[in-house]
Amino acid sequence: MKVEVIVPGQPDEDIERAPAVMLTEPISFWGGISPSDGTITDPRSRNHNRPVAATALFISELRGSSSGSSVLLELIYRGLAPAAIVLDSLDAILALGSIVGREMGWKSPPIFRLPAAEQGLITDGAVVSISKNGHLTVHPGSC
Amino acid sequence: MKCVDLDGYERGLLDGAAGEAAALAMRVIVETARVLGATSLVEIRSAHIDGCLYHGDSGTLFAERLVGLGAQVAVPTTLNVGALDLLHGGIVRLEPAARKMAHRLMAAYIAMGARQTWTCAPYQAGHRPAAGEDVAWGESNAVAFCNSVLGARTNRYGDFLDICAAITGRAPKSGLHLPRNRFATVLVDATAVPDSFWRDDIAFPILGAWLGRAVGQRIAAIEGIGRPTEDQLKALGAAAASSGSVGLFHVIGVTPEASTRSAAFGDVAPQDTIRLDLTALTRARAGLSTVNRSAGEAIDAVAIGSPHLSTDELCALDRLVGRRHCSKPLYACTGRHALAGLPQGLMQSLNDRGVVVIVDTCVVVTPVLPPGSGVLVTNSGKFAHYAPQNTGYDVVFATLVECVESAVRGSLYLTPNGAHEG
């Protein structure tokens, strides 16, 4: 599968074998993910209490609080950020968290785009690799 | 992705002509422009910064990096709330390490030359861009007011982009900076709602809460709500921006880009028409409370002032409290600008009557409410939206009169015949 690169990671390298977390319900980073421990705090999410660190986090509908960039930057700073973030549509607010993380010299996740319908082909918990140019591979038998 | 065309000045900033801080800020602006698909930048005339609220140490380190590189804002810049009330120590219960970092964050933004307004209502603190002017504002209610009521042009800028725009004087030319993207697409026809409904202030946060859910990010033009005051439009925009992602709305015959219906829609027909009635508004009102409480039941606190109270709203509060004393804390969140407009001694007198006047911050962004949980009464659509998740309190949404009476009596007061009778 091909995903669009919105923001390259820091360092700009391939993401190897990360567990996919599929968020199929709308989520806002501010109020939805704890900046201090990196778990999903939105009580309406069926992924409530799940950590996002080192995952390939697929988000089918992002609710955009303008403080979302601060939450992602804090996750980056604490080493609790996802390995990669895959969004349904362009979002400058979340992208900013990663762009600023890179400016600060911190390890920052790449942000990719994949329409929600295609995200639906990936099973929650599957192991995925995403190359820095946007080639996504779902490893067989991984879930 | 497309390339971003830069002029000589912009390329100079990127190359370090105005120092390292401006170069960093320009890299962030250009990279964001690329993400947004903008092919050029727009010159902005002012900025309002939301990034001064503490969410964790990383924000402080970024602001201090900018200061260390010599950053100064290039345009008039106001500051949104921080996590501390700098005038009244003791009100905010942040633990010492976080308090220190929150304070360092606020100090960094002052060092970059921003005005110490510390308010989510900068438009009532003298920061009023002209209609048609391009600006870069953060804070969802401020963005909605700036676009809708002032007719100035901004997108909903996230933390970090706001300060980078202030330092460079540039923002990505996209979204609501482009006149073609500012027309309404949805007509909200409120003519079926009885006029008496709009007489009460609480009508406007209820309308806002409904609007955000009904239209999301689409631009609505509303017809048939009379001529709301500035404070009523402020409450409408704040509620709509928190329940949806509304960055711009029009009120036909009232707001600057909607002198007529066809002006609001750019001479094309609405893509969608929603006929609003009292049933939908009653449902929206019920949705603003998280618990069902009857008159006389216990409450724990009352909070008003999101967006920050204007001088007029503080005076109205003073009249309603009268010579009585609040038996439960009534938190009144406001800005230094509104206090400056009050008659001499009024703020002290409010405090003496049990009103806790809070400036520079507010009760849903930093720990102020008594620890634990409880029932909070508010007339603010924005407080009602954020208080449950940010404070752990349940919310009862009520009119200003009901808020004040509840604080004075120490138990929930509800207007006997309902808030909207004639």
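Hello everyone, let's begin with a helix pair in chain B. The axes of α2(B) and helix α6 (residues 161-168) of chain B come within 9 Å of each other and cross at roughly 120°. Helices here are DSSP runs of H or I with at least four residues, strands are runs of E with at least two, and both are numbered from the N terminus. Axes are lines fitted to C-alpha atoms, for helices over the stretch in contact, and angles run from 0 to 180 degrees between N-to-C directions.

A quick word on what you are looking at. This is a predicted model, in which local features need pLDDT of at least 70, side-chain atom pairs count only at pLDDT 80 or more, and totals for chains, interfaces and linings use all residues. Residues are numbered from 1 along each chain as its sequence is written, while chains are lettered from A and ligands numbered from 1 in the order in which they are written.

Back to our pair. That angle makes α2(B) and α6(B) oblique to each other; under 35 degrees counts as roughly parallel, over 145 as roughly antiparallel, 65 to 115 as roughly perpendicular, and the rest as oblique. Their crossing is left-handed, meaning that the near helix is turned anticlockwise from the far one by less than a right angle, with clockwise being right-handed.

Which residues of α2(B) and α6(B) meet? From α2(B) come B:Ala21, B:Ala22, B:Ala25, B:Met26, B:Val28, B:Ile29 and B:Thr32, and from α6(B) come B:Leu161, B:Cys164, B:Ala165, B:Ile167 and B:Thr168. By class, that contact has ten nonpolar, two polar and no charged residues. For the classes, Ala, Val, Leu, Ile, Met, Phe, Trp, Tyr, Cys and Pro count as nonpolar, Asp, Glu, Lys and Arg as charged, and the others, Gly among them, as polar.

Let me stay with one residue, B:Val28, which lies in helix α2 of chain B. Is B:Val28 buried or exposed? B:Val28 counts as buried because it has 21 C-beta neighbours inside 10 Å. The cut-offs are 20 or more other C-beta atoms within 10 Å for buried, 12 or fewer for exposed, and partly exposed in between, with C-beta atoms placed from the backbone. Leaving aside neighbours within four places in sequence, B:Val28 is in contact with A:Ile99, A:Val100 and A:Glu103, as well as B:Phe160, B:Leu161 and B:Cys164. Contact means that the C-beta atoms, placed from the backbone, lie within 7 Å.

That takes us to where the chains meet. In total, 26 residues of chain B are in contact with 24 residues of chain A. On the side of chain B that touches chain A, α2 (20-36) and α3 (57-68) of chain B each supply at least two residues. α2(B) gives the most, with seven residues. By class, this side of chain B has nine nonpolar, ten polar and seven charged residues.

Now over to chain A. Seven strands form an open sheet there, in the order β1-β7-β6-β4-β2-β8-β9, with mixed pairing. Strands pair if DSSP finds at least two bridges between them. β1 (4-7) and β9 (136-138) of chain A stand at the edges with a single partner strand each, so one side of each is left without a neighbour in the sheet. Inside the sheet, strands β4 (residues 56-59) and β6 (residues 84-87) of chain A pair in the parallel sense over four bridges, and A:Leu57 has A:Ile85 in β6(A) as its bridge partner. Helix α3 (residues 92-103) of chain A lies across β1, β6 and β7 (111-113) of chain A, at about 65° to β1(A).

Chain B has an open sheet too, with five strands in the order β12-β11-β10-β13-β14 and parallel pairing. Here β12 (355-359) and β14 (394-397) of chain B stand at the edges, each with a single partner strand, so one side of each lacks a neighbour in the sheet. The twist averages 25° from one strand to the next. How many bridges join β13(B) to β14(B)? There are four, and the two strands run parallel, with B:Val377 standing opposite B:Val396 in β14(B). From strand β13 (residues 375-378) of chain B, B:Val375 and B:Val377 point one way and B:Leu376 and B:Thr378 the other way, and all are buried.

Conventions. Contact = placed C-beta atoms within 7 Å.
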